[in-house]
Amino acid sequence: MTANRQQEVTKWFNGTYSKRGNWYLRPTKAYYIFLELLGAKEGQKYLDIACGLGRLLEASTEYGLDSYGIDISSVAIEKIKEKFPDFNARVANAEELPFNDKTFDLVTCIGSLERMLNIPLALQEMQRVGKQDCNYCILVRNSEANSWKYIKALLNLKNKKGHQDAKNLEEWTTIFKTAGYKIDGVYPDQYSIIKKLKLRSFGLKKINYKQLVNDNNPITKTEKFIFLLKKDV
Ligand SMILES: C[S@@+](CC[C@H](N)C(=O)[O-])C[C@H]1O[C@@H](n2cnc3c(N)ncnc32)[C@H](O)[C@@H]1O
């Protein structure tokens, strides 16, 4: 049953990447924020879980990281390989990561955790592959955002084939703590603000993100939360 459901979800993502390609995701410059918030430093070993078309891997080249990506969609990984043949990207399920214990200094998972069928298992795997002082950055959807509460959920417009889901701040906090993480920070997503401020055409790396997100967007209504996590052991 779960295997069949996973196949359905994977098929939906493969179809989406084949048909909608680049249009489906944010532009590359919208991804620097995650590496900035993590304080990424040259030489660190970095994993992007559910890397999609490799936007974050591309951004990470400017930080001199030793970067790896996995995604369940073979179409997404093929597209990365076409554009960036040298990138370390491969097909894998986040619930069974193909890496040794305590490999990475930095781990991201952007807009993808709620798409996973077994979130506790995915979080356990993330813990396993992170070094003891690993820094994690996870972007997840907020069920209290108006766009979700009054449009997607109420009008039943959730994308079921792609396993779209959302939870509120308290629920996500409990999920992360139960999985053995401590919360280092939680910020509202900046993307809608940046679009509103028409900053998309500028080099986003120079912005003080923490100030920007706190000044402009109440966390309870943000579309997505950016969680910074550490291992709680
Ligand atoms: C909304 S996209 C985000 C992609 C990327 N993180 C980004 O922001 O550009 C969600 C991604 O999660 C991937 N995904 C969903 N379930 C997964 C799983 N169990 N393991 C690995 N990747 C998964 C999909 O294939 C898709 O690429």
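Predicted model: local features only at pLDDT ≥ 70, side-chain atom pairs only at ≥ 80, totals over all residues.
Student: How much of the ligand's accessible area does the protein cover?

Tutor: Around the ligand there are 20 residues, and Tyr-17, Tyr-31, Ala-50, Asp-71 and Ile-110 come nearest. Helix H1 and strand S2 each give at least two residues to that shell. On its own the ligand has 600 Å² of accessible area, and the protein's share of cover is 96%.

Student: How many residues of the shell around the ligand are nonpolar?

Tutor: Let's sort the shell by type. There are 2 charged residues and 5 polar ones. The nonpolar count is 13.

Student: Where on helix H7 do the buried residues fall, and within what arc?

Tutor: Start with who they are: Trp-172, Thr-173 and Phe-176. Looking down the axis of H7, they line one face of the helix, because they fall within an arc of 100 degrees.

Student: Which exposed residues does the face of H7 turned away from its buried side carry?

Tutor: First, the buried residues of H7 pack against helix H5 and strands S5, S6 and S7. At the start of H7, the backbone nitrogen of Glu-170 has a side-chain oxygen of Asn-168 within 3.1 Å. On the face turned away from the buried side, the exposed residues are Glu-170 and Thr-178.

Technical notes:
Residues numbered from 1 in each chain as written. Heavy atoms only, no water. Near = heavy atom within 4 Å. Areas by Shrake-Rupley, 256 points an atom, 1.4 Å probe, with all protein chains shown as cover. Helix = DSSP H or I, 4+ residues; strand = E, 2+ residues; numbered from the N terminus. Nonpolar A, V, L, I, M, F, W, Y, C, P; charged D, E, K, R; others polar. Buried < 20%, exposed > 50% of the residue type's maximum accessible area, 1.4 Å probe, protein only. Arc of directions from axis to C-beta. Contact = heavy atoms within 4.5 Å. Polar contact = N/O pair within 3.5 Å; in protein donor to acceptor, adjacent residues only side chain to side chain.
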